[in-house]
Structure formats: C-alpha cells, structure tokens
Amino acid sequence: MPGHYNRIETKLIHAGEPRPLIGGAVSIPVFQSATFEYTGQSSYHDLKYIRLNNTPNHVALHEKLAALENGETAVVTASGMAVISTVLLALLGPGDHILTQNCLYGGTHELITKDFTEMGIRFDMIDGERPDSWAGLLRPETKAIYVETITNPLMAVADLPAVAAFAREHGLISVIDNTFASPVNFRPPEHGFDLSLHSCTKYLNGHSDIVAGAAIGKGDLIGKVLRKLNHLGGTLDPHACFLLHRGIKTLALRVRYQNENALSLAEFLNRHEAVEAVYYPGLSSHPGHARARDLFDGFGGMLSFEMKGGVAAAKRVIRKLTLPISAPSLGGVESLITRPATTSHAGMSPEERKKAGISDGLIRLSVGIEAPEDLIADFEQALAL
Ligand SMILES: *Cc1c(COP(=O)(O)O)cnc(C)c1O
C-alpha cells in the first residue's frame, strides 16, 4: 500500500488503488472482459472470470471497502439483497436458527420469514433495546445474530455493543446492516461485529444510478461468503464496480454535509406547529440519542416525521414540496421523500404497522446535498396551511 495514512477521507481516495497506475490512468479503467488469460491457477476459485469476483475492478473495491471500516477484507455483490442473501446462506443451512432484530429492512424481513422458513432455516425476533431478553431465545442450533445500525423508518438505535458482546459470549456470528450509517458515521468491525453489510445502492455509491452490495469483516467469514457468491452468481458487473468506485470517493464530503442538512431540517420540523413528531437520532428528544452520540461520528441523513393532520396532511405536504422527489430508496445526492406505509412497509398489514409504531401518515425523508436554506424554505411553504 503506497504512503501512510489512516483517515477515512484519504482512504476513500487512495486505498485499494492499483499501483503502479494501469497505463498511467489516474482513474481505474473498466475491465469489461468476462474471462482472462489462464496463468497456471490450480483452484477453480482463482481463475480470473467476472463471476468469480476477481477482476481488477473488484479487487480495488474490496481493498478500499475493507480499509474504510478497518475490516480485514471485503467483497462486493450485485445488490444489497444479493449480499444479505449470500451472507446468510453462507452462515445458515436447514435446521439452523438465527436471532434477528424485530424491525428489519422489508426485503430482509421477507427473505428470513418467508424464503428461509421454506428452506428449514428458523428465526426468532429480538427487541434490540432489551439485551436481557435475548438469551431466552437461544437454541443449540442458533448460529448468528442480525441487526441494523439505524432502523427504518423510526431511526431506532439498538444496543449495538451488547449485540457484539452477546455474540462473542454465545459463539454466534454477529452481522449488522450498516447501510443507514455508512462507514463515515459508524464502523462495525471497530465495535466487534464479525460482518458489516451495505446496500451500496445508497450512501456508498450516492448517486442513485446503480444497485450494489458489500460485506466487510473477518477474513475467514468473507472467504466463506465469497465462495457462496461464486456459486450463487450475484456478482457486481465491472461497469457497476467502476461507478461505485467513482461514487465512493466523495462519501465523506456527502455524508458529513447530509448529517448537517438532516439535523437542520429535523430541528426546523421539530419546532413547526403543524408537525406532530420528528424521528431523528440527532434530536435530544429521540430515545436513541444518547447511544447514537456515544457510538456514531454523525447522526445520518435519514429522518421521519408525522403531521398533525395524519394521512391527508402527509399527502398534501409531499405534493406541495418542490425539491424532494417522491421515490423510495435513499442515500443519494438528491432528497427523496416517501410514506413508508405505501412503499417500504406496504407489505405489512395495518395492524403490524401500528404495532411497530409506523402510522399511515408517517413521512420518511432521505436528505440530499441541496443547500439547507433552500430545503428549509421548501418545507416552510409546503407545511403552511
Ligand atoms: C436498500 C436496502 C437494502 C437492499 O438493498 P438493494 O441494493 O436494494 O438490494 C438492504 N438494507 C437496507 C437497510 C436498505 O436500505
């Protein structure tokens, strides 16, 4: 590795970059070649082939991503769901059991509760706030514990250090979906997590133009994941690797700006008389505030809020806003707004949503990198009666 550095801003630019530069190119070229000349490899997994995740575009990204979270190694995949499904299938088989947080990303929830149940993989859900309740759910066949850094859409922060400690104590593999925080705000390997997963579709790429995923963590586990990925085939295409590589370089600038933008907007909404409640870990009124302050380097770019007038008021605000685009997904440079009851949590019944504290009028905002003055002015006009 050239030079000496340990700050994330520098790693984003220099970690994993090929040296010497390939043909002198300052930006890594796209290796759009399915197969590569045979050079005497003896193992199938060492042949150079796009599906085997070892083109120069893959190798550079793997090194950069591992460096960002101080993990041992990393691997990229074709989407966030590709990494989640591949990791869990590498760790679990028929008869095995996993503990999962009770409020997961919709795709992950469906995968574990529906697809895995069909395959004979069992689960129990835990309350991330109550570590004392977890041991009672352990079985001899429990293999792993799975949580998210910041939950969607109420931005709860589980007792993450307790999750890593519980896994160590009981011989489980700890897995965390760190998408919402990004490596700028939280680095799970530094807190004892075995595997940190990302939908790189979101903050890591940051430009809403590809889907991609990544796992970062212990070398032996990533090795297992890589073998499973080679077999399942959820490989990231070299051109998407190139776009992710390009997007990542500005991660620290984007996320720090988004942290500030989201805090300004959360404070504005919290003061506004038409707003019933605001959910943002950066507000001292948020139940996860103290933990987020202790663990994170920033509170993130995601917030949600409820209007006093319920669903009708929520629909009106979304219609009147001119800057945030009404669309699912998050983490891009442009602000995106959704009602989780109609997008990310539409698969839940109204009763299930109510139990989880997600009202039909709840609005979720992914704050972009527009000027805070313009965003606040837009919300001011949209919230005016
Ligand atoms: C979007 C998302 C995923 C799934 O990622 P895709 O890239 O859409 O497959 C997983 N977890 C979280 C927290 C997400 O926001």
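Predicted model: local features only at pLDDT ≥ 70, side-chain atom pairs only at ≥ 80, totals over all residues.
Colleague: How far apart are Glu110 and Lys114 within helix 4?

Modeller: The two are 4 residues apart in helix 4, which runs over residues 106-118, so about one helical turn separates them.

Colleague: Why would two side chains pair up like that at all?

Modeller: As a general point, side chains of opposite charge can pair because their charged atoms can come close.

Colleague: How many salt bridges does a search of the whole structure find?

Modeller: The search finds 10 salt bridges, and one of them joins the side chains of Glu9 and Arg256 at 2.9 Å from N to O. Glu9 lies in helix 1 whereas Arg256 lies in helix 9 (residues 251-271), so this pair ties together parts that are 247 residues apart in sequence.

Colleague: Are Glu9 and Arg256 buried, exposed or in between?

Modeller: Glu9 counts as partly exposed, with 32% relative accessibility, and Arg256, with a relative accessible area of 37%, is partly exposed as well.

Colleague: OK, and what about Asp194, which side chain does that one meet?

Modeller: The side chain of Asp194 meets that of Lys218 in a salt bridge of 2.6 Å, N to O. Asp194 sits in the loop between helix 6 (182-185) and strand 6, and Lys218 in the loop between strand 7 and helix 7 (219-232), so the bridge ties together parts that are 24 residues apart in sequence. Asp194 has a relative accessible area of 12% and is therefore buried, while Lys218 is partly exposed at 33%.

Colleague: Changing topic to the ligand, which residues come nearest to it?

Modeller: There are 13 residues around the ligand, and the nearest are Met81, Asp177, Ser199, Thr201 and Lys202.

Colleague: What does the side chain of Lys202 have 2.8 Å from the ligand?

Modeller: An N or O atom in the Lys202 side chain is 2.8 Å from an oxygen atom of the ligand. A ligand oxygen also lies 2.8 Å from a backbone N or O atom of Met81, and a polar backbone atom of Gly80 is 2.9 Å from an oxygen atom of the ligand.

Colleague: How much of the ligand's accessible area does the protein cover?

Modeller: On its own the ligand has 380 Å² of accessible area, and the protein covers 90% of that.

Colleague: Back to Lys202, where is it in the chain, and what does UniProt say about it?

Modeller: Lys202 is in the loop between strand 6 (195-199) and strand 7 (213-217), and it counts as buried because its relative accessibility is 9%. An unreviewed UniProt entry annotates Lys202 as "modified residue: N6-(pyridoxal phosphate)lysine".

Colleague: Last one, which residues make the nonpolar surface patch?

Modeller: Tyr38, Tyr44 and Leu47 make the patch, which is about 320 Å². Leu47 is in the loop between helix 1 (8-14) and helix 2 (56-68), and with a relative accessible area of 31% it is partly exposed.

How values were computed. Residues numbered from 1 in each chain as written. Heavy atoms only, no water. Patch = residues over 30% accessible without salt bridge, like charges linked within 9 Å, V, L, I, M, F, W, Y side chains within 5 Å. Areas by Shrake-Rupley, 256 points an atom, 1.4 Å probe, with all protein chains shown as cover. Salt bridge = Lys/Arg side-chain N within 4 Å of Asp/Glu carboxyl O. Buried < 20%, exposed > 50% of the residue type's maximum accessible area, 1.4 Å probe, protein only. Near = heavy atom within 4 Å. Polar contact = N/O pair within 3.5 Å; in protein donor to acceptor, adjacent residues only side chain to side chain. UniProt positions renumbered as here; feature names shortened; annotations may be inferred.
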